[in-house]
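User: I have a complex open here and want to go through it piece by piece. Can you take my questions as they come?

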Amino acid sequence: MSVFSALLARDLRLALRQSADSLTVVAFFAIATVLFPFGVGPEANILARISGGVLWVTALLAALLSLDRVFTVDYEDGTLDQLVLSGAPLPLVVIAKVLAHWLTTGLALIIVSPLLAITLHLPMEGYAPLLLALFLGTPTVSLIGAVGAALVLGTRRGGVLLALLVLPLYIPVLIFGTAAVESAVTGISSDGPLLVLGGLAVLALTLCPWATSAALRQAVE
Amino acid sequence: MTGETNLSQTTTAGSFSGAGLACRRGGRLVFTGLNFKLTAGGALVLRGPNGSGKTTLLRVMAGLTPSAAGTMSWNDKVIDDPDAHARNLRLITHLDAIKPALTVSENLSFWMTLWNKPDDQRLQKALQAFDLSRLASYPARLLSAGQRHRLALARLLVAPAPLWLLDEPGNALDTASRDALARAILAHRAAGGMVIVASHEATFVSDGETLDLGLFTPKTVVHWSDDESVEAAE
């Protein structure tokens, strides 16, 4: 367990020292979301209708922007070699890195999302389900993203390839994340979509760290 | 003096050997039919022209790169668990795994916590051994190439491991640092540790055996697909 906590502490400290990285992601989320009222027009009912979907899509794109970094720096400076050689189970190493990524980007996105929801006229009933859905969905986003990030290590223009690999896999999260917000807004219980999001998170947690480990071992060969 | 840190704590190792090792990179056979054996306190110097596979062999020995043929043994038992093998070794390459945003001592203490347990005294001794004490609180981004390399080498001393794999450890080092490394290697071997160095210089290990990788390079360029065995290629 010392490997887990040491790695988590180091990644959080690095994120804190290089906070511009996390801030860029949040700024992208904010700017991309604020573009919609300009593009769609200021009509409150139209914006309210699309707000859940818009917030989810921009959050996914913002998260994607940060995924590139999860392993690339460690790969290029040799840290990854040393982590593979640490003798600790590699999936544990992966979970620590993904948790650090989620705490520095996913959580940041969750915190600013209510502010952005205001600009999109999200009805009052939508806020709680939006936050819950993001809370359950963004870990899945980080976990799936880690698999992609590990797979594209060492390729040229890995960022674009990563988007192509990972975005299709985000569709279930997007569907149920948006459904949670919309069902609450239309007065139906959002329990169903939220439960599915929780299930997806558990599924991702049980599969993705192992897939990521295999991709990392391949990368350090 | 400087090397005593790891005297008491190096785990005694019996032997590390490889038989019939072969490796290919991108379809090209880099070396084949390579054997080596190292016993406690032993040292092995890898030589050979550029591209003869010194770095590749070190990565094979570390268990990072799988060998195309042959087996490696630790204490005469075939190595089948790469994670268990990894705990017995330290690999130092030109990729120094240093985070520029962390200070020198934070960089070092991270690896120490990862491999062993936090131990400030030991950390200070490792910094001292490579003359990094006065830089301890500086961010690593301010270090010169030689200082970065010294910081990477200091990792050898923060947590004991019986086998050191060093890839061109003399690069970018000044005379004093070379001496410090030579002392560290000597102390490590005196405590029963093993060292494998890929280097063009003989300064670090004067009495070690030499393995010339040039001898194991296939005479003709051999290409083969995945389903053919290496034996057939030989």
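User: Which residues of α3(A) meet α7(A)?

Analyst: This is a predicted model. In it, A:Gly52, A:Leu55, A:Ala59, A:Leu60, A:Ala63, A:Leu64 and A:Leu67 of α3(A) meet α7(A). On the α7(A) side, the residues are A:Leu130, A:Leu134, A:Thr138, A:Val141, A:Gly145, A:Gly148 and A:Ala149.

User: At what angle do α3(A) and α7(A) pack, and how far apart are their axes?

Analyst: The angle is about 35° and the axes are 10 Å apart. Helix α3 of chain A covers residues 44–67, and helix α7 of chain A covers residues 127–151. Their crossing is right-handed.

User: Switching to chain B. What does its secondary structure come to?

Analyst: Chain B has seven helices and nine strands. The chain has 234 residues, and 46% of them are buried. Of its contacts with a separation of 6 or more, 75% are between residues 24 or more positions apart.

User: What is the strand order in the open sheet of four strands?

Analyst: The order is β2-β1-β4-β5 in chain B, and the pairing is antiparallel. β2 and β5 of chain B are the edge strands, each pairing on one side only.

User: What about the open sheet of five strands, is its pairing parallel or antiparallel?

Analyst: Parallel, in the order β6-β7-β8-β3-β9 of chain B. Its edge strands are β6 (89–92) and β9 (209–212) of chain B. On average, neighbouring strands of this sheet are turned by 15° against each other, direction ignored.

User: Which residue is the bridge partner of B:Arg90 in β7(B)?

Analyst: B:Trp164 is the partner. β6(B) and β7(B), the latter at residues 163–167, pair in the parallel sense over four bridges.

User: Now the contact between chains. How many residues does it take from each?

Analyst: It takes 20 residues from chain B and 19 from chain A. On the side of chain B that touches chain A, α2 (82–86) and α3 (104–115) of chain B each supply at least two residues. α3(B) gives the most, with four residues. By class, that side of chain B has 13 nonpolar, three polar and four charged residues.

User: What ipTM and pTM does the predictor give the complex?

Analyst: The ipTM is 0.84 and the pTM is 0.87. For chain B, the mean pLDDT is 83, and 87% of its residues reach 70 or more.

User: Where in chain B does pLDDT stay under 50?

Analyst: Over residues 1–10 and over residues 226–234. The model has 31 contacts beyond four places in sequence for residues 1–10 of chain B, and eleven for residues 226–234. Where pLDDT is low, predicted coordinates should not be read in detail.

How values were computed:
Residues are numbered from 1 along each chain as its sequence is written. Chains are lettered from A and ligands numbered from 1 in the order in which they are written. This is a predicted model: local features need pLDDT of at least 70, side-chain atom pairs count only at pLDDT 80 or more; totals for chains, interfaces and linings use all residues. Two residues are in contact if their C-beta atoms, placed from the backbone, lie within 7 Å. Ala, Val, Leu, Ile, Met, Phe, Trp, Tyr, Cys and Pro count as nonpolar, Asp, Glu, Lys and Arg as charged, and the others, Gly among them, as polar. A residue is buried if 20 or more other C-beta atoms lie within 10 Å of its own, exposed if 12 or fewer, and partly exposed in between; C-beta atoms are placed from the backbone. Two strands pair if DSSP finds at least two bridges between them. Axes are lines fitted to C-alpha atoms, for helices over the stretch in contact, and angles run from 0 to 180 degrees between N-to-C directions. A crossing is left-handed if the near helix is turned anticlockwise from the far one by less than a right angle, and right-handed if clockwise. pLDDT is the predictor's confidence in each residue, from 0 to 100.
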